[in-house]
Amino acid sequence: MSTEAQCAANKANAQLSTGPTTQEGKVISSQNRRKFGLTGRFTVLPWEDQEDFNLLVTRLRAEHQPNIAFETDLIEKMAQHFWLVQRAVLLQETCFDRELPICEQQKLMALYLRYQTTHERAFERCVKELRTLRNESRKQKIGFDSQNRRQAEEGRRETNETRRQAAENRKQELHQWAVLLAEAKVDHQQVLTSGARLPQILAHMKEECQMRVRKAA
């Protein structure tokens, strides 16, 4: 159990160690626990090449052609996890003797292997999520195209039905006109026939009148 004197001494020592005071010192201090950067917020370490990471991101974007911001974020995460897998593999090499294939740091080796597996799985999850998102978008597009085709087909059917109905109406009208024309021809023929017999009818009527006059006399 600490004595009062020890507690007072600890407090005094704590006042003497307040951490870095300059901005540069604070930045360095914030990276003290980021020895290998396999966890936490991603960053390209000083002994790595930022241009190589940027090129990796560019290649992944060119390969997958993101259409929305969420797809772009997934591709960024894919690049980060892929980069961390390569970092874990590289760190595994430091666990071996430079001249003999002997692992001198088995605990670190196991740690790096675990991080490698973790980021490989994370990379695959991002790929799967991106694929699922693309499939859903494709299904929606297919459904939209199918709906448009259905509407276009219904429009064509309605147009064809309208044309068929119009043709049927014209056919009926032509039939009616043909019937009327035939009736008109019959009536005209009857008129012509009646006109040809008119002198005979008049002569017969005149003859009957004369006969009645003789009988009356």
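This section describes the fold, the nonpolar core and the salt bridges of a predicted model.

The chain contains five helices and zero strands, and its elements follow the pattern α-α-α-α-α along the sequence. Among contacts between residues at least 6 apart in sequence, 60% join residues at least 24 apart.

The largest nonpolar core comprises 22 residues, and those with the most contacts inside it are Leu38, Phe42, Phe53, Leu60, Met78, Ala79 and Trp83. Two or more residues are given to this core by each of helix H3 (50–64), helix H4 (69–93) and helix H5 (106–216), with the largest share, eight residues, coming from H4. When neighbours within four places in sequence are left aside, Phe42 is in contact with Phe53, Gln80, Trp83, Leu84 and Arg87.

Four salt bridges were found in a search of the whole structure. In one of them, Glu76 pairs with Arg61, the closest N and O atoms lying 3.6 Å apart, and this pair links helix H4, which holds Glu76, to helix H3, which holds Arg61, across 15 residues of sequence. Both partners are partly exposed, Glu76 with a relative accessible area of 25% and Arg61 at 37%. A further salt bridge joins Arg134 to Glu71, with the closest N and O atoms 3.1 Å apart; Arg134 lies in helix H5 and Glu71 in helix H4, 63 residues apart, and both residues are buried. Arg164 and Glu161 also meet in a salt bridge, at 2.8 Å from N to O; because these residues are three apart in helix H5, they are separated by about one helical turn.

Note on methods:
Residues numbered from 1 in each chain as written. Predicted model: local features only at pLDDT ≥ 70, side-chain atom pairs only at ≥ 80, totals over all residues. Heavy atoms only, no water. Core = buried A, V, L, I, M, F, W, Y, C linked by side-chain atoms within 4.5 Å. Buried < 20%, exposed > 50% of the residue type's maximum accessible area, 1.4 Å probe, protein only. Helix = DSSP H or I, 4+ residues; strand = E, 2+ residues; numbered from the N terminus. Contact = heavy atoms within 4.5 Å. Salt bridge = Lys/Arg side-chain N within 4 Å of Asp/Glu carboxyl O.
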